[in-house]
Structures are given as C-alpha cells and as structure tokens.
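Let's walk through this structure together, starting at one side chain and working out to where the chains meet.

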Amino acid sequence: MSFTQSQTAIDGGFLDPAFDAQGVFARLLTAISRPGTVVDLGVCCRSPAPLSMAQGALLLAIADGDTPVFVEEGSEAMAEWLAFHTGARIGEPSEAQFAIVSRPSREWLERLPLGTLAYPDRSATVLVEVESLKDGHSFTLEGPGINGTSRIVLAGLLDDFAEFRKANHALFPCGLDLVFTCGSELLALPRSTIVTEV
Amino acid sequence: MNATLPAYNFAYLDEQTKRMIRRAILKAVAIPGYQVPFASREMPMPYGWGTGGVQVTASVIGPDDILKVIDQGSDDTTNAVSIRAFFARVANVAVTTKTVEATVIQTRHRIPETPLSEGQILVYQVPIPEPLRFLEPRETETRIMHALEEYGLMHVKLYEDIAQNGHIATTYAYPVKVEGRYVMDPSPIPKFDNPKMDDCPALQLFGAGREQRIYAIPPHTRIESLDFEDHPFRVQEFDRPCGLCGATDVYLDEIVTDDRGGRLFACSDTDYCEERRERAA
C-alpha cells in the first residue's frame, strides 16, 4: 500500500488540538451569542485555499465525520486537508452542515438544509469570506443577544443581502446561520437576528 | 516518559464528543428556547446529579476560566463540591465561590442573587427539559406542539391552578416564553428567579443529560413568564428578612435548627449572604 497523503494535507492543523479547538469555540460562542461582535481567532492554523484562516479554524474546531461540508469552489488540496484533520467529507449542498459560499444570496435558501419545524437545528451554517468587517455597508442588528440595537459594517456583499436576510428571518425557527469571516476574524448572524440596511 | 500519565483528556470528555456538544450549543443559541437533541454521554456520576450541566460545562470551559458551582444557591453542598472538585481535577481550572469572579457558573436550581454580567456563562442542570411533558407524555406530540407553537395546553394547566386554588400554584420550573416563540422549562428554579432570566447580560445554557437535550438563552433575550391579564405573574414574597444577613429582597431557605421547632430563614445564595455579612462586619 502506498502512502499518498500530500504534505499540504498534513501541515497547518492545530498545534494543540484540545486547547486550540476550545479557544476557537469560545470565540465562536461569543460571536453567535452576541451577533455582530467581531472576534479574532488569532493565527492558529494554515488552511489551503479557498478556506480563509478563520474558516479553516472553525472547521477544525467543530467539523467531523458527521458533518458534510459543501464548498462552492472547492479544491483537491482543501478536501484532503479537511479529511486529514477533521474526517469531514465534501458533500452536496442538500446535505451540508457547513457551507462555504462566495456570497449569501436567496439561491442558498433553496439549496442548503434549512431544518424543519420539528427539527430546526438540522440546518446549515454558512461561511462567507468578505473583504472587510470594518468598512463598507452598514447594517443595523436587533434580536436575541443584542442589547437594544447594534451596527455592523461589511464590505463585498451583493445588493440583495438585506433581501436574503429578510427571507431567511421569515423562516424562523428554520433558516441558515451566517458566519462572515475576514482573515482570522469573524462575526456571526444567527437566523434569529433581524438585519436592516442603514 | 513522564511518570504521571495523563488519565483524562482536558475537561474529561474526548474531543469528538466536545465537537458534537459544541455544535449542539451553537444551534441552541441560534434558536433560543428550542431543545437541541444531543448524544449525551455517560459521566462518572449518576443521572440526576447534573450530567447534562457537566457535559455543557466541559465543552465550554477553557484553561483561563474560573468556575463556580452552586446547588440550590449553595456552594458547599455535596453536588456543588463534587462537581467543582471534578473540574479542578480534570480541567485544572481555577474555582471560586464568588459570583462576581466566576466566568462559568454551573447551577442546580437557582440563579445567583448578585446580578450576572456580560461575558459570564450560566450553565443549568436540567432534569426534565420538556415543559409540556407532564401534560403530554409523547415526545412525538410535544415536538409537533413546539413546531406549531401550540401552547394552549399549558395555559389550560395554569388556568386549572387558578380554578382550584384561586391563584397560579406553580412555584418552581415555572414555564417561560423565549423571545415570543418557544415555551421553555427554566429548570426547577423557584419562580422567584424567573425575572432574572429576562434581558440577562450573561449567556444561559441548559443541559439535560438523561433526556439528551441542550437549549440556550442568548444575552439580552426577552423572557416572559406565562400568565393571564387578570392573574399576572408574581414571584414569592417573604414576610421576614434573612436571619443571618438581614436581606429582604432574596430567596430564603427554611433551616431546622433544633428538635423543638426552631426555624431559621436564611439566604439560599450562600455567597450573597456571606458577602453581605462581611461588608456589615
């Protein structure tokens, strides 16, 4: 039997899996329980394209053999890396628990699992890399996890983002949970958050 | 090789289990009040002793966290002491009895009197997570009732209380509605604590080990205790102050002091009571 695992698949994982995973999860929990809060995961992994560092770290922390991952423009190197470190396989949109897409649009409400009224948790978490979490379009947030209202700024979104969010929120308790990443930073918009364009 | 072999993974649970629980926690936070099923593990303690809370705490806690564990408000009962010792040993985390110092507080049946703050996590141990279970024993049915937001039965139950007793007689595990959607069991906390859940700045996580459910309330979430316009929700009132610290706006325990009918009413939250006495001294 020949050993064919490439070096790129083996490199770049967590140096200390138990503690790095806990650190990433703790920040992710902060992000999703306080929507709009930007958290920095730090430099904890090197993930192959098209995954950004934050996306790679998130998958290393909570993806495994039970969670098919859909990647819009995947690569062989990334699939190998993910399989080696987490055991997760690349799957179809309809079965994805994590989806890495280029932009959030209504198309994904038809292709990704939204959960059912009986089991709304059986829905995908969507990861989108944006140009910036500090400048660009302003959006106002309200809902659980937010004291009154808060504001986020995102760059690199299509015009139909507000419309997508409206359609997504209308599905509550079903719907997609969004995580915007930029380098090693991320912010989360769970389905419960009401997003309006400023 | 090191003479002391590591006997456990950090925080006892294996990494695979933590990933599964962490995913359940994230979905629970995204759908406030909805009970997310999870593959609960056997823990080195019997069901009913907080296996759900322990699994949630083990999945959340990190080396920099400071853990407090309370049982009915008290830091020094068997359940609280054992769980605190358990995490001090398997996760090597700092432990405290002071509410203000803790970053993670695991609780059985109380919310601390000291207001919680941003960044803290309150982990509840939950025996029966389904608020409708005693009204409808079938899981398939209660799941549909939650899906369709069909909570009439719960109001009938509260109404029957009024019809029989003249007031709503439910005093603990008093059902709440989370952000206007899911009816949720707040675990068997006294209804005295229900108002503390509303708009709470801390993250509240609930773990039911035997029943295999995790649910959550994000910070600053609207929590309403179910009631009627003509019978509004009211908390317990006590006709005397705490016998030790003199506090009047707290939940009191009745403590038998002798075999001649002696009674002491004292704060159920031992940390709060001690703090007040230290400040007065």
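B:Ile144 is partly exposed, because its relative accessible area is 41%, and partly exposed covers values between buried (under 20%) and exposed (over 50%), with a 1.4 Å probe and protein chains only. This is a predicted model, in which local features need pLDDT of at least 70, side-chain atom pairs count only at pLDDT 80 or more, and totals for chains, interfaces and linings use all residues. Residues are numbered from 1 along each chain as written, chains are lettered from A in the order written, and side-chain values use heavy atoms, without hydrogens or water.

B:Ile144 sits in helix α4 of chain B, residues 139-147 (helices are DSSP runs of H or I, at least four residues, numbered from the N terminus).

Now to the interface. Here 39 residues of chain A are in contact with 37 residues of chain B, contact meaning heavy atoms within 4.5 Å. The two chains bury about 3,000 Å² between them, 64% of it on carbon and sulfur atoms; buried area is the accessible area (1.4 Å probe) lost on putting two parts together, summed over both. On the chain A side, A:Gln22, A:Phe25 and A:Arg34 lose the most area to chain B, together 19% of what that side buries.

There are 4 salt bridges between the chains, each a side-chain nitrogen of Lys or Arg within 4 Å of a carboxyl oxygen of Asp or Glu. B:Arg19 and A:Asp64 meet in a salt bridge at 3.8 Å, N to O. The elements giving two or more residues to the side of chain A that touches chain B are α2 (17-33) and α3 (53-62) of chain A, and α2(A) gives the most, with 10 residues.
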